[in-house]
Amino acid sequence: MGLREFIKDYFIGFWDYETPKVMVVKNKKLGVIYRGVQFLVITYFIWYVFISQKAYQDSETRPESSVYTRMKGMALQGDHVLDTVEYAQPSEGGDVISTILRREVTYDQRQGTCAEHFSVPKANCTADADCIAGEVDFDGNGARTGRCVPYYDQTFKTCEIQTWCPIEKYAVVREPALEEAINFTVFIRNAIHFPKFKVLRGNINTNKRRRGKYLNKCHYNEDKHPYCPNFRLGYIAEQARERFSELCLTGGVIGVFINWKCDFDLDPSQCKPTYSFRRLDTRKDLPSSGYNYRFAKYYRKDGEESRTLVHAFGIRLDVIVHGHAGRFSLIPTIINTVTAMTSVGICSIICDWIMLTFIDKNEVYSDRKFDNPSKEPSQPISTEFSFITYGSNHSDLSDGVPL
């Protein structure tokens, strides 16, 4: 056959329509497997894909959000009254706000020379030769002057340094924890916008009567006051499964997660936030755990610049907003429906493999399924089967092959 005839036959055969041959196998075990797999596939798409995941909706997972926070409360420490300006950083903030629970204060520090702390490596000395002038130890508190001096009112000596004196480790005053902070409240206002659906929601109910009085008195409760934006620090610590007394000692970072999961097939007023709380910093049994920072208050005393150094331990709240919204859309519905219908075809592939691999020991099914006239079944088997053919099955009936 020449090239011309081959191209001609290929061109003519290209326009032929082909349809598979359907073979009905009356085998109960195989039928149970087939229907079982079908049931699992259909159940998966109906329950999980369409009902649970709502695959028939068009979704938006990156909404626009804004957060405003404010700490409220008063505390009495000895004869000193603490307000938000003293313990809240910043007093009015965005998605991060912290409150001081305990302080270690070093008063009246001035620039000068004084003895290095004895715990610093190579700080202990007996003579000036043991101290190198200009040397700076990164674990220390300043630059060494080259002199060996008595350690304040002690009998031993350490190297002299130039720094803010007296040094913190020697002169620090540890104040008691601010236990009243457990009743401090954090006001968290959150607005979220889903631009794809043009819906704006907030965590404060704008329709409530006497809104001002309500916000001043309410505290968040998932069942009674879901739209109240005031959260007690004690409640936040409890929900994060942390002891407030331990947080007063080491401090900690707690995440306040605001989750918006909205179904806009319903009324948008049904879109309500849910809150969850979790400790974000490393756990308390590690050296780097907790939350603390230092800051200083500068002033002039006797014409000389002085400062009060404060080492603060507290709770830092990180407000993190997550949003997901969906609404019915025809395109994802069609795509997932077609995917479901196509996936049902996997059942036939699985059952064909089981039939041809484990059941068809005498290759009877394979002879009939693939219509190979060169093979005959060696002996009859008891399983009943019948055939239904649609269109062309590639069998040459003129050869007398039984179907």
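Predicted model: local features only at pLDDT ≥ 70, side-chain atom pairs only at ≥ 80, totals over all residues.
Figure 1. The ring centres of Trp-353 and Phe-358 are 5.3 Å apart and the planes stand at 85°, so the pair is edge-to-face. Rings of Phe, Tyr and Trp (its six-membered ring) are paired if their centres lie within 6.5 Å; planes under 30 degrees apart count as stacked, over 60 as edge-to-face and the rest as tilted. Residues are numbered from 1 along each chain as its sequence is written, and side-chain values use heavy atoms, with hydrogens and water left out. Local features need pLDDT of at least 70 and side-chain atom pairs count only at pLDDT 80 or more, whereas totals for chains, interfaces and linings use all residues.

**Figure 2. The tilted pair of Tyr-56 and Phe-328.** By the ring rule, the count comes to 26 aromatic pairs. In one of them, the centres of the Tyr-56 and Phe-328 rings are 6.4 Å apart with planes at 40°, so the pair is tilted. Helices (H or I, at least four residues) and strands (E, at least two) are DSSP runs, numbered from the N terminus. Tyr-56 is partly exposed, with a relative accessible area of 23%, and Phe-328 is partly exposed at 48%.

**Figure 3. An aromatic cluster that includes Tyr-152.** Phe-118, Tyr-151, Tyr-152, Phe-156 and Tyr-170 are linked into a cluster by ring pairs. Tyr-152 is placed in the loop between β10 and β11 and, at 26% relative accessibility, counts as partly exposed. The C-alpha atoms of Tyr-152 and Tyr-170 are 8.9 Å apart in space, while the two residues are 18 apart in sequence.

**Figure 4. Val-149 in strand β10.** Val-149 belongs to strand β10 (residues 143-150) and is buried, with a relative accessible area of 9%. A distance of 8.6 Å separates the C-alpha atoms of Val-149 and Thr-126, which are 23 residues apart along the chain.

**Figure 5. Arginine side chains over aromatic rings.** The charged end of Arg-70 sits over the ring of Phe-187, 4.8 Å from its centre. Likewise, the charged end of Arg-102 sits over the ring of Phe-313, 4.2 Å from its centre. A charge sits over a ring if NZ of Lys or CZ of Arg is within 6 Å of the ring centre and within 35 degrees of the ring normal.

Figure 6. Two cavities of 30 Å³ or more are found in a search of the whole structure. A cavity is a set of points, on a 1 Å grid over the protein atoms alone, where a 1.4 Å probe fits but cannot get out; lining residues have an atom within 4 Å of a point. Grid points are joined across faces, edges and corners, and a volume is the space filled by probe spheres set on the points. The largest cavity holds about 90 Å³ of space. Its lining consists of Gln-77, Leu-82, Glu-86, Tyr-87, Ile-100, Leu-101, Arg-102, Arg-103, Glu-175, Pro-176 and Leu-178. The elements giving two or more residues to this lining are α3 (84-87) and β8 (96-115), and β8 gives the most, with four residues. By class, the lining has six nonpolar, one polar and four charged residues. Ala, Val, Leu, Ile, Met, Phe, Trp, Tyr, Cys and Pro count as nonpolar, Asp, Glu, Lys and Arg as charged, and the others, Gly among them, as polar.

Figure 7. Most residues other than glycine have a negative phi, and most peptide bonds are trans. The peptide bond from Cys-165 to Pro-166 is cis, with omega near -5°; Pro-166 is found in the loop between β11 (157-165) and α4 (168-171). Lys-122 has a positive phi, near 60°, and lies in the loop between β8 and β9 (124-125). Asp-302 also has a positive phi, near 55°, and is found in the loop between β18 (292-301) and β19. Lys-122 is exposed at 71% relative accessibility, and Asp-302 is exposed at 72%.

Terms used. 1 Å grid on protein atoms, 1.4 Å probe; cavity = no way out; pocket = protein on both sides within 12 Å on 5 of 7 lines; lining within 4 Å. Buried < 20%, exposed > 50% of the residue type's maximum accessible area, 1.4 Å probe, protein only.
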